[in-house]
Amino acid sequence: DRQTLVAVLQFLRRSNLRESEEILRREARLLGDDLGAAALSPASAGLLVGSGSDADSGEALLGRGTGAAAGAIGGSVATVATSSPGVAAVAAVPPGKGGARGSCGVGASSRRDPLGGGDDGRVPGFPRGAGTRGSVSGAVVVEDQPDVSAVLSAYNQQGDPTLYEEYYSGLKHFIECSLDCHRAELSQLFYPLFVHMYLELVYNQHESEAKSFFERFHGDQECYYQDDLRVLSSLTKKEHMKGNETMLDFRTSKFVLRISRDSYQLLKRHLQEKQNNQIWNIVQEHLYIDIFDGMPRSKQQIDAMVGSLAGEAKREANKAKVFFGLLKEPEFDVPLDDEDEEGENEEGKPKKKKPKKDNVGSKSKKQDPNAPPQNRIPLPELKDSDKLDKVMNMKEAARRVRLGPECLPSICFYTFLNAYQGLTAVDITDDSSMIVGGFADSTVRVWSVTPKKLRSVKTAADLSLIDKESDDVLERIMDEKTASELKILYGHSGPVYGTSFSPDRNYLLSCSEDGTVRLWSLQTFTCLVGYKGHNYPVWDTQFSPYGYYFVSGGHDRVARLWATDHYQPLRIFAGHLADVTCTRFHPNSNYIATGSADRTIRLWDVLNGNCVRIFTGHKGPIHSLAFSPNGRFLATGATDGRVLLWDIGHGLMVGELKGHTDTVYALRFSRDGEILASGSMDNTVRLWDAVKAFEDLETDDFTTATGHINLPENSQDLLLGTYMTKSTPVVHLHFTRRNLLLAAGAYSSQ
């Protein structure tokens, strides 16, 4: 679109961004000043042109992203848009300081998807690797590495290499001698400054100074940065820095520190008095200091929240409104069962007054005030079989055990014995009738847990002989001859890391190291589709609670939203700085939570792809996520053995459960949300009192504004029980509809 291009070039010229103007001009093959004459095709311009379905979705596609949009690209971002429906979005990034070359395009191609955006189509002429990874959150982002040399050039020679140790120890001395209230906050500077100063020395080829700087100060860093420091210690030459991911993350995303105004003024005054420009330059260029008014935070409050790859989340990142309420259940009539009623009377109990069952289908007549509009995202229609299943579910729910501290669930543990193929994933159907295991030998194995064997549909030749008018036609199409307790599904060419049953039990998803997600039919036990989008291992996948949609996350650091009938993703959620290790749908299906090896959890809006929450606090990669049944809270588990609890509406950490001594791989709330079960590599299942954990929360405006969270000192009060296995790490947990807890894992002999 020529006018847009002209507008951008004029904007760049007005802003004195000559270099960017030249680059854009070269990309667009527009040399000289004669802009009017050159006709321009979108492909040669290297821009992604989005055509939204209407002006509104066009606007949504411009990635009104999170703070990541401007923050991740060190320079300013100019997004020029016309108000017409066919919008072309161009983000112009000045190179040089912390910026990456090239234009980063946002948009979607014209094929309609159910959510009103486009599919993941790259415009053919778009230069790969031009955009900054994750710079525009939640829109279609070019995922390749940013231009390494441009990123690194920000480390130009600035100071005298021999003085770096002096600068750092001077600041260290100042911080350690400051008042207690400021010391905790200012100590957050140690780690990011240490990394940037070290990298600057290495980049400018002062290898011996870098080495002595590292050796002298790396011991002062917090214990939870040890893994990052190990990677850093291996970067000793300028050549090592090219193409190193950790390095690039640190460079392209500003490290976020949350500091009170008083502490910040103190720091600023000190650095300006000392004329310590080296440190002040790093603070301004590579750190994002989120200043709040009020009391400085204590050491415990800071320790609870820090530890992720890019520091804390900016407060702005958690301000967006989130509809965490549940959708209203559809109404339908439930037939009364006579046997139920008589059965209860035989035991000599007085006949209980049953609630009126005219339409039990409607759980609550009132719409939840925090729920999203019913049609915010299109959900599949309920089929008759789904309605039957809902009725069964309600009958089971009526017999559900009310759990609590006085009434703990029974736990039934499924141990995979002789799993020499290496068990890597487990899932159990909602009605607890089937269990699936994903294995390192690239097979997917499905077992029936009930006496009913697994049957597949007969072959086409046999089906043609069946009388289609008979009443039991659905029974007749199943092949009894091949019925068995176990079915093995072959198709993947690498370990299977994630499995998920569809809510209606007709389909099964599996994702693998081979970069694909496969959809299997549980009627024929064959593979229906292979979804290819990730180029690297896919670590997790999960069906939406309403079916049809599913999410996957992998080593390429993005999560993708798919629909079963589209072979390309509907949404790409970009923003994490490392692998997306686990994914979960919110109970209302409007949001997706992703946990990552960058030690953060993000909540994404399915409708527009925006990141609406960033939670930091874990000290290791996240491996499990669970939403509470009411949709208000999220529990997360990681390699640090801690389980953290989050209030989604306020965007706050509200609890920390300590007890596990190894990675927490499984988390599940009981059906009514009274109990949280956690399973870990330390061979235990622990039960926590969720009701107590979430009552009396301090979520006043002040806490939300400053992140002054007060976690109860002792999480042991919330621990209701610890259950050891002999030598079986817990990989999966599942509450049946009647609140029996099922756990699963593979026996390990060592």
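Predicted model: local features only at pLDDT ≥ 70, side-chain atom pairs only at ≥ 80, totals over all residues.

Modeller: Residues are numbered from 1 along each chain as its sequence is written, and side-chain values use heavy atoms, with hydrogens and water left out.

Colleague: How far apart are the end C-alpha atoms of helix H1?

Modeller: Helices (H or I, at least four residues) and strands (E, at least two) are DSSP runs, numbered from the N terminus. The expected span of a helix is 1.5 Å times one less than its number of residues. For the 13 residues of H1 (residues 2-14) that should give 18 Å, and the distance in the model agrees: 18 Å.

Colleague: Which residues of H1 are buried?

Modeller: Buried means under 20% relative accessible area, exposed over 50%, and partly exposed in between (1.4 Å probe, protein chains only). An α-helix has 3.6 residues a turn, so residues three or four places apart point the same way. The buried ones in H1 are Thr4, Leu5, Val6, Val8, Leu9 and Leu12.

Colleague: Is Met241 buried or exposed?

Modeller: Met241 sits in helix H12 (residues 238-241). Its C-alpha atom is separated by 8.5 Å from that of Leu199, 42 residues apart along the chain. With a relative accessible area of 0%, Met241 is buried.

Colleague: On to the strands: which residue in S19 is the bridge partner of Tyr549?

Modeller: Two strands pair if DSSP finds at least two bridges between them. Strand S18 (residues 549-554) and S19 pair in the antiparallel sense over five bridges. They make a hairpin with three residues between them, and Arg557 in the turn has a positive phi of about 75°. The partner of Tyr549 is Ala563.

Colleague: And in S20, what is the bridge partner of Val558?

Modeller: S19 (residues 558-563) has six of its six residues buried, with Val558, Arg560 and Trp562 on one side and Ala559, Leu561 and Ala563 on the other. S19 also pairs with strand S20 (residues 571-574), antiparallel over four bridges. There, the partner of Val558 is Ala574.

Colleague: Which element gives the most to the lining of the second largest pocket?

Modeller: On a 1 Å grid over the protein atoms alone, a pocket is an open set of points with protein on both sides within 12 Å along at least five of seven lines, and lining residues have an atom within 4 Å of a point. This pocket is lined by 26 residues, and Lys452, Arg455, Arg505, Asn506 and Gln523 lie nearest its centre. Elements giving two or more residues are helix H18 (384-398), strand S10 (454-457) and helix H20 (473-476). The top contributor, with four residues, is H18.

Colleague: What is the phi of Gln205?

Modeller: Most residues other than glycine have a negative phi. Gln205 lies in the loop between helix H9 (190-203) and helix H10 (207-217). Its phi is positive, near 65°.

Colleague: What about Asn683: what is its relative accessible area?

Modeller: Asn683 is in the loop between strand S30 (675-680) and strand S31 (684-689). It isn't a glycine, yet its phi is positive, about 65°. Asn683 is buried, with a relative accessible area of 16%.

Key:
1 Å grid on protein atoms, 1.4 Å probe; cavity = no way out; pocket = protein on both sides within 12 Å on 5 of 7 lines; lining within 4 Å.
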